[in-house]
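User: I am new to this structure and would like to go through some of its features by question and answer.

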Amino acid sequence: MLQQMDQNSFQIHCQRKHFLKDKHYHLLIDDNRIQISQSQQTFTKLMFWKTEQNQLIAFGMKYNKVLKWFHAEKNDLEALYRELHTRIFFGNISAIYESKEMLGAGASCKVYKVFNKITHYEFASKCIRKDYIFKREDKERYNRLLQEIELMRLIEHDSIVKMVDIYEGDKSYYIIMELLKGETLYSFIKKAQLNISQIKAVMSRCLKALCYLNFLNIIHRDLKLENLVLLEANNVETVKIIDFGLAIPLSTPNRQLCGTPGYIAPEMFIDKYPYTTKVDMFSLGAIFYKLLSRRSLFSGNNSDEILENNKRFKCNNHLKCCSNEILDLLKQMLQKDPNKRISPEQALLHPFFEESIQGDLGVADESPHEVVRTFPHIKPMQITNSNENIADIKIQVIRGSQPSFEQSLGSNYFPSFDEINKKSRNGSDHIIE
Ligand SMILES: Nc1ncnc2c1ncn2[C@@H]1O[C@H](COP(=O)(O)OP(=O)(O)OP(=O)(O)O)[C@@H](O)[C@H]1O
Ligand SMILES: [Mg+2]
């Protein structure tokens, strides 16, 4: 029997099947912890699912260090899944998801298309190997993964990829996201020059996303054409920002040089300037330049040379035939001094953009291109703590209406991903000091 206690707690009754007499337990979710008990209290950060004929029949939790299965009513299990997904890691991806083809790869991950066996929806799964995460002893990579998850959990915007579920296997972590069916803007513009109205559409979507991130005090720190992906093939008006692997809350104290050579803001190199969300505006300026010219803002034969030119602020200029409006906006986006650099809100009001897009900052999910709303309505509030332990992540949330289970049951994982991930390539352009 399901009981909703208040905004932040949730509980159900469940049974352990025994030959003579079933044992009854009580499951309680409070904040970011789950408790299962007859009398004794136990908290866990990993939950497993059991299915029969592609329906949930039980959840599994480690109880006294042993994985035990708890059967419950289908509706209760579905409600439990909805309540927990993205709050804690789920354990057995292969119970719910089936792996399809590889969609892309980064330095630290491989991204696969996955198929949800229960809902029949497709998603993308970013698989990050544990041996990569724990290669260094300082837990920095693990903390960064948790930070990526923590920030993505807050984000709900039409121009930014949505996270659906998080899973942990023996050898990998998995971030399940909405599936973007088109290619990256990087590969798209290799084939065709965008016209001005397409460039406007891309820029306005990205600027709206930056307004939103600004509002949340989140810095992405790795905006580049490879991290802009089309939701629909060949439709640049559906472009979305991905990859929050380097993102941080604005309040993070240390000024780290990071990002991708060719897109890095001057304040990452120059201490006297403030290090704020304006770094993303500079990167978007470099993207704008590339969309207009199909050339890079900073040239070089290899990433060290590009980084050097980026550092010295030695910009190219291939844009002699552009309108004054375009040049003016570009110049304001690429201002060396972040204090003088245009804000995303101001940029959207620039004459380059038509009146029709002004005033619409896209915070609501208004896109007709939305494939599926895959998670509970979590409104961003404030990050209050970030810790190496996922169970300790504290995010204040306000929950709104919940989607159906079909909509929310995003993805599940497989052990097979671990195998595929073994072949993960190295080579990414981005740097982090
Ligand atoms: N939701 C998605 N839908 C479809 N494809 C995706 C999705 N997310 C990522 N990809 C593909 O996977 C690639 C790698 O993803 P992502 O940029 O998040 O990984 P990364 O490890 O951070 O990359 P890098 O380390 O190189 O910055 C993307 O460039 C894109 O091609
Ligand atoms: Mg990337």
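Analyst: A residue is called buried here if 20 or more other C-beta atoms lie within 10 Å of its own. The model is a predicted one.

User: Which residues of helix α1 are buried?

Analyst: Helix α1 covers residues 74–84. By the cut-off of 20 or more other C-beta atoms within 10 Å, the buried residues of α1 are Leu 77, Glu 78, Leu 80, Tyr 81 and Glu 83.

User: Which residue with a positive phi follows α1?

Analyst: After helix α1, which spans residues 74–84, the chain reaches a residue whose phi is near 75°. That residue is Thr 86.

User: Where is Arg 294 found, and what is its phi?

Analyst: Arg 294 has 13 C-beta neighbours inside 10 Å and therefore counts as partly exposed. Arg 294 is found in the loop between α6 (278–293) and α7 (303–312). Although Arg 294 is not a glycine, its phi is positive, at about 60°.

User: How are the helices α5 and α6 oriented to each other?

Analyst: The axes of α5 (residues 196–216) and α6 come within 11 Å and cross at roughly 175°. Angles over 145 degrees count as roughly antiparallel. The crossing angle therefore makes α5, relative to α6, roughly antiparallel.

User: How many nonpolar residues does the contact of α5 with α6 have?

Analyst: On the α5 side, Ile 199, Val 202, Met 203, Cys 206, Leu 210 and Leu 213 take part. They meet Asp 280, Met 281, Leu 284, Phe 288, Leu 291 and Leu 292 of α6. By class, this contact has 1 charged residue, no polar residues and, as the number of nonpolar ones, 11.

User: What is the C-alpha to C-alpha distance between Glu 122 and Leu 180?

Analyst: Glu 122 is placed in strand β12 (residues 122–129). It is partly exposed because 19 other C-beta atoms lie within 10 Å. Leaving aside residues up to four places away in sequence, Glu 122 touches Lys 113, Val 114, Phe 115 and Leu 179. Glu 122 and Leu 180 are 58 residues apart in sequence, and their C-alpha to C-alpha distance is 9.9 Å.

Key. Residues are numbered from 1 along each chain as its sequence is written. Chains are lettered from A and ligands numbered from 1 in the order in which they are written. This is a predicted model: local features need pLDDT of at least 70, side-chain atom pairs count only at pLDDT 80 or more; totals for chains, interfaces and linings use all residues. Helices (H or I, at least four residues) and strands (E, at least two) are DSSP runs, numbered from the N terminus. A residue is buried if 20 or more other C-beta atoms lie within 10 Å of its own, exposed if 12 or fewer, and partly exposed in between; C-beta atoms are placed from the backbone. Two residues are in contact if their C-beta atoms, placed from the backbone, lie within 7 Å. Axes are lines fitted to C-alpha atoms, for helices over the stretch in contact, and angles run from 0 to 180 degrees between N-to-C directions. Angles under 35 degrees count as roughly parallel, over 145 as roughly antiparallel, 65 to 115 as roughly perpendicular and the rest as oblique. Ala, Val, Leu, Ile, Met, Phe, Trp, Tyr, Cys and Pro count as nonpolar, Asp, Glu, Lys and Arg as charged, and the others, Gly among them, as polar.
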